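Have the sequence and the model open as we go.

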Amino acid sequence: MTRRKRVWYEAAGRSLDLGLVEQLRINRRVDPNETDNEIPVIVYLKNSCEKGLKDDLYNTCNVDSHNKLERELPIIHSIKGKLTPGMIKQIKDHDAVDRIFYDREVTAFLDIASKQIGAVNVQNQLHFTGKGVTIAIIDTGIYPHEDFTNPSNRIIAFKDFINGNEEPYDDNGHGTHCAGDAAGNGFLSNGKYISPAPEASIIGVKVLDKNGSGRLSSIIEGIEWCINHRDEHQIHIISLSLGAPAYDSFRNDPLSLAAQEAWKEGIVVCAAAGNSGPYPYTISTPAINPFIITVGSTDDQNTLERADDVIADYSSRGPSIDYFVKPDIYAPGTNIIAPLAPNSVTESQLPEMIIDENYIQLSGTSMATPICAGVIALMLEANPNLSPNDVKAILKETSQPTLNDTWGNIHAELAVERAKAYQVRVPLEAIQGE
């Protein structure tokens, strides 16, 4: 008996990620000769890679119109580009290359919600509204809805990685809804559809197109932009209501590593668990990362009573691909009413969900995630010295274990009270240096 000869990409081992192997397999069915089909990739560089080796890699790849390494992604020590299968085969063993990933597609995943989690009580009794805290919504963009611009414009910056526009817009509508979940002030509803942090500043980072889709590399560029402009815009929180299936450990996954870099830089990162429930092992990336805050969705049954809350059937379940317990926290995500982006894809596709002309009702862990981000804005207003790890610990410790899972329901009042009283440990050398 002879052993079956393996195709080159099946024998490549660690140098190609499983998502890329599958894409190469699909490509071969369409193009058996593996000629000029371009595959979007992210090329990880070896830590020991010197400039000469990197230049040689660029020269090797950028030989024709079908092969191009476009730009570096410094926060994950890699380069994005498009390569043919033949070029991928050629460079997989290049001395500069550690691993090659498929730059796969990423997709986008408030009536009583703010009252139900206690955020309105925080606003009315503790007088925290998210003022002075900035939330970056990395999504489909943001429409300048009056819930963000009246009585003052709280959209302090906008960056478009899809079409390069400079003025805020949202041709899909998902990002506008998410921004409203976190920081809408209910201006056009007389306060009825108010979010947890109605005075927080907002930044729209457009990384998904009008259909709610993008590539891993676009999301990574958005995260990188937030890191690079953190001090300029005082970015405290990143909200990621998007994701892709996880094929590899958080230690290797490009999007997971980018989110982790933001966390290490002092930015609190919230990511949607995904909408692939109720099956286990369905946590998406970047939510698989154990450092960041992974948010699952509840169904509050449209009541203020929390005892009848359940985990939403669609909410992705853990453990993660690395067997970590996920999600870290749950927040309302079902039938959430928030600002509508006029003339958007969401408006045209879901006309029956439009409420009072200026709002739309949506469900998903996409909605739960910015609601969590809004609560975090209240916590950081109460105590600006909290680190991302402090925030995560407080959120989990104060959550109400009313759900049949390891971690419970977000509780804004308890979290903000604990944040306000939380004593941040000061390093001994800082005290001695005074």
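Predicted model: local features only at pLDDT ≥ 70, side-chain atom pairs only at ≥ 80, totals over all residues.

**Labels and the values behind them**

Q: What makes helix 10 mostly covered?
A: Buried means under 20% relative accessible area, and nine of the eleven residues of helix 10 are buried. Among them are Pro 254, Leu 255, Leu 257 and Trp 263.

Q: What caps the N-terminal end of helix 10?
A: The cap is Asp 253, with a side-chain oxygen 3.1 Å from the backbone nitrogen of Leu 255.

Q: Which element gives the most to the lining of the largest pocket?
A: Helix 10 does, with three residues. The pocket itself has a volume of about 240 Å³. Of its 15 lining residues, the closest to the centre are Tyr 44, Asn 47, Ile 76, His 77 and Leu 257. Strand 1 (39–45) and strand 4 (97–102) join helix 10 (254–264) as the elements that give two or more residues to the lining.

Q: How does the lining of the largest pocket divide by class?
A: There are five nonpolar, four polar and six charged residues in the lining.

Q: Why are Cys 49 and Cys 61 called buried?
A: The limit for buried is under 20%. Cys 49 has 16% relative accessibility, so it counts as buried, and Cys 61, with a relative accessible area of 0%, is buried too.

Q: Is Phe 161 buried or partly exposed?
A: Phe 161 has 25% relative accessibility, so it counts as partly exposed: buried would need under 20%, and exposed over 50%. Phe 161 sits in the loop between strand 7 (155–160) and helix 7 (174–183).

Q: What does Phe 161 contact, leaving aside neighbours within four places in sequence?
A: Its partners are Val 205, Lys 206, Val 207, Glu 221, Gly 222 and Trp 225. Each has heavy atoms within 4.5 Å of Phe 161.

Q: Why is Gly 222 called buried?
A: Its relative accessibility is 0%, so Gly 222 counts as buried by the limit of under 20%. Gly 222 belongs to helix 8 (residues 216–228). Beyond four places in sequence, Gly 222 touches Ile 138, Phe 161, Val 205 and Val 207.

Q: What makes Thr 334 a buried residue?
A: Thr 334 has a relative accessible area of 11%, so it is buried under the 20% limit. Thr 334 lies in the loop between strand 15 (329–332) and strand 16 (336–339).

Q: How far is the side chain of Thr 334 from the backbone oxygen of Thr 298?
A: A polar atom of that side chain lies 3.1 Å from the backbone oxygen of Thr 298, within the 3.5 Å cut-off for a polar contact. Leaving aside neighbours within four places in sequence, Thr 334 is also in contact with residues including Ser 297, Asp 299, Tyr 314 and Leu 362.

Methods: Residues numbered from 1 in each chain as written. Heavy atoms only, no water. 1 Å grid on protein atoms, 1.4 Å probe; cavity = no way out; pocket = protein on both sides within 12 Å on 5 of 7 lines; lining within 4 Å. Points joined across faces, edges and corners; volume = space filled by probe spheres on them. Helix = DSSP H or I, 4+ residues; strand = E, 2+ residues; numbered from the N terminus. Nonpolar A, V, L, I, M, F, W, Y, C, P; charged D, E, K, R; others polar. Buried < 20%, exposed > 50% of the residue type's maximum accessible area, 1.4 Å probe, protein only. Polar contact = N/O pair within 3.5 Å; in protein donor to acceptor, adjacent residues only side chain to side chain.
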